[in-house]
Amino acid sequence: RVKETLLSQRKEQTEVQKWLKVLAEDKARTKEALVALIEMCSDNTSSALDFGRKGGLSLLINVLNEYCASEESKLSSEITVRALRLMLALTSNKPFLSQFYRTDGFMDNNNPARFQLSLDGHLSIQLLCNLLQWGYERMEYLTPVVATLVNVLKFTPVSDELSDPTKKMQIQENIIKVDDAINFSFPIEEIRRIMSTASEILAHQDPESHSLMADFLGALISSNLNFFDPNEDVDVRTESLQDRRYRHRVERVTTARVETFCRILVGTGVFSVLANGLVAASIAVRRSTSSLLGKLIKQYGREDHVKELLLPFLPGEDEPLVDSTGESKVVEVHPVLEGSLQDYLRRAALEAALLSTNPELGAWALQQRGGAANIIRLVSLGDPACTEIAAEVICLASSVESLSALMTFLVERGVLHSLVSSTIPGVCAAAASAMTKLAIKSKALERNSDENSLILNAVLSVV
């Protein structure tokens, strides 16, 4: 068996060398060589390592530099895509990244090439950032580049000392500097480049690239030590003093990393991009936007600053529906408001997203001046899109105790009864759900009550 394994590995290495020779010498077979190498290096550690040891990375970067310059050609575009997919296949092997990736890989500033390896011939985060900034407008280029970044996140530990359990005993109380640990996977300057480009990608609202980048950013700002792997649950009752100190240092590092990364992401103007994404034409974009917004607000933690950032997207917020003691109050509102319909649709979509991810913050947004008037206006227009988002806000708001006064005001204006009679199943269901919650709160669900009849009729029409 050992002999068979060695012969198999030798054959694989011979095949890798053969195709590397084709890649270097036969330009007409470049595409064929890339396809063969992708197949060999995907989930095959020995082939991937042999590719790196035999100078394959230099050849790969040469191919990218040559063909990305003539990307108008269909053949050049196909070769570029395959070169990026080969890089993805290589980085899917953790041992390959351990040997041929450098976080602090410096480049030759005098080299005019668009893409280049580090001075010691390895992949680097600088190279991946250059690829991201160059190819983000084309989905076929963006997907393998972001997936490669994901591999780097997965397989590169935040800190050797923090990620390797065998080194716990060697850690002294102050040996780990928080800034050094944060910089271990991604230098801060490269994080700024990644997040700036990510905001531009999100702004394009392409469903595929938007979902891909939203997932990537969600992992980047997570509190998991290695981004994708959830932190282990610890039984503090059986935890030793040494392990507790180690865990506290890990938490200190990840907390500092999350704060730093969130601050950088917020600084790119991502709140404006996310607010616009909530009213995108694609439902996939709206869902991934709502998910990322919820994660960012939760991880960022600075609620006062978040409110400042959200206020521009809440038109009419100059007189809040809260009195000086913090209690809810209701003021006279009118359904006719100044501003474009898109602004008010966006406000309602933002309130719905906040209510579903952070109910108290969503309640604050809805209680700002114009919140109730906006709901009334959207319902009165009769437009399906306006009615659906208004119904969603009302359904979510009916679960929040602090919005009871505002919900009472909307019920008195007949808004809920209007929605529950809608011919749109989603609107009717949301209104029936809201009415059920409010009726349970007020104990109005008696056998012969009007509310009971309305709810049952709505449920039957939806079914």
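The crossing of helices H13 and H15 is left-handed in this predicted model. H13 covers residues 241-267 and H15 covers residues 283-300, and their axes come within 9 Å and cross at roughly 125°. On the H13 side, the contact is made by Val258, Cys262, Arg263, Leu265 and Val266, and on the H15 side by Leu296, Gln299 and Tyr300. By class, this contact has six nonpolar residues, one polar and one charged.

The length of H13 can be checked against its residue count. At 1.5 Å a residue, its 27 residues should span 39 Å, and the end C-alpha atoms are 39 Å apart, which agrees. H13 is followed by Gly269, which has a positive phi, near 80°.

The contact of H2 with H3 has five nonpolar residues, one polar and no charged ones.

The two pairs are set out below.

| Helix pair | Axis angle | Axis distance |
|---|---|---|
| H13 and H15 | roughly 125° | within 9 Å |

Turning to charged side chains, the structure holds ten salt bridges. Side chains of opposite charge can pair when their charged atoms come close. One of the residues in such a pair is Lys18, which forms a salt bridge with Glu15, the closest N and O atoms being 3.7 Å apart. This distance meets the criterion because a salt bridge requires the nitrogen to lie within 4 Å of a carboxyl oxygen. Both Lys18 and Glu15 lie in helix H1 (residues 2-25), and they are three residues apart, about one turn of the helix.

Conventions: Residues are numbered from 1 along each chain as its sequence is written. This is a predicted model: local features need pLDDT of at least 70, side-chain atom pairs count only at pLDDT 80 or more; totals for chains, interfaces and linings use all residues. Side-chain values use heavy atoms; hydrogens and water are left out. Axes are lines fitted to C-alpha atoms, for helices over the stretch in contact, and angles run from 0 to 180 degrees between N-to-C directions. Helices (H or I, at least four residues) and strands (E, at least two) are DSSP runs, numbered from the N terminus. A crossing is left-handed if the near helix is turned anticlockwise from the far one by less than a right angle, and right-handed if clockwise. Contact means heavy atoms within 4.5 Å. Ala, Val, Leu, Ile, Met, Phe, Trp, Tyr, Cys and Pro count as nonpolar, Asp, Glu, Lys and Arg as charged, and the others, Gly among them, as polar. The expected span of a helix is 1.5 Å times one less than its number of residues.
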